[in-house]
Every structure is written in C-alpha cells, then in structure tokens.
Amino acid sequence: MNLPFFQFNATIERSKYTEWDVEKRRMMKVFICPKCGSITTVSRRKEVFCHKCGGTQMIPSKLTFAKYTQMDEQQRKDYSESWLYIRNHTSGES
Ligand SMILES: [Zn+2]
C-alpha cells in the first residue's frame, strides 16, 4: 500500500485540503542534490541546500511535483541514481 501523501491527507481532511493542495502543487518544485542525489520538494525558494551532505546547493529537476508524489521510494531512488549518472557522464552542459 503506497498512497501518495497528499491523497492520504485528502482522505482525512478532504474539503479543506483540496484547495490548499491545488495551490501548493502549483508552487512546489522538485530539487535534487548534484552530490548525493537526495531529492526534496520546496515552494517559492530559489536556493535550496542539501541537508544530507552539508550545504551543497541543489538543482531544480525536471520532475514535476505531481509526478514526484506519485513515485514510490524505489522509483525516487532510481530517478536520482540515473539523474546523477547522466549528470556525471555529460560534460560541459549546464
Ligand atoms: Zn546532498
């Protein structure tokens, strides 16, 4: 059983949550750490630093928040691993 967390919350507090959820999802961005591949979601922030490896600046990923919430732990792990792999094997492109 692996419900996305917003779906889980919406079941608990549906009426209040739905509006907030739509707004929130529109603002949320998925950031990834170029050093350890840790993924985090943030809103309204331009600069995000990785807590796991002590202040590495994280990079906005192409993953959408909606997509990210639908992924399970293994998919997130796979995503960050392939993201890191591609990043480490392409040179000079920002
Ligand atoms: Zn990191």
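Two strands count as paired if DSSP finds at least two bridges between them. Helices (H or I, at least four residues) and strands (E, at least two) are DSSP runs, numbered from the N terminus. This is a predicted model, in which local features need pLDDT of at least 70 and side-chain atom pairs count only at pLDDT 80 or more, while totals for chains, interfaces and linings use all residues. Residue numbers start from 1 along each chain as its sequence is written.

**Strand pairing**
- E1 pairs with strand E3 (residues 59-60) in the antiparallel sense, over two bridges.
- Strand E1 (residues 28-32) also pairs with strand E2 (residues 39-43), in the antiparallel sense and over five bridges.
- Isoleucine 32 has isoleucine 39 as its bridge partner in E2 and isoleucine 59 as its bridge partner in E3.
- The hairpin of E1 and E2 has six residues between the strands, and glycine 37 takes a positive phi near 80 degrees there.

**Whole chain**
- The protein chain has four helices and three strands, in the order α-α-β-β-β-α-α from the N terminus on.
- Of its 94 residues, 9% count as buried (20 or more other C-beta atoms within 10 Å of the residue's own, with C-beta atoms placed from the backbone).
- Among contacts (C-beta atoms, placed from the backbone, within 7 Å) with a separation of 6 or more, 44% are between residues 24 or more positions apart.

**Threonine 69**
- Threonine 69 lies in helix H3 (residues 65-70).
- Threonine 69 counts as partly exposed because it has 17 C-beta neighbours inside 10 Å, between the limits for exposed (12 or fewer) and buried (20 or more).
- Threonine 69 and threonine 41 are 9.7 Å apart in space, C-alpha to C-alpha, and 28 residues apart in sequence.

Notes:
Contact = placed C-beta atoms within 7 Å.
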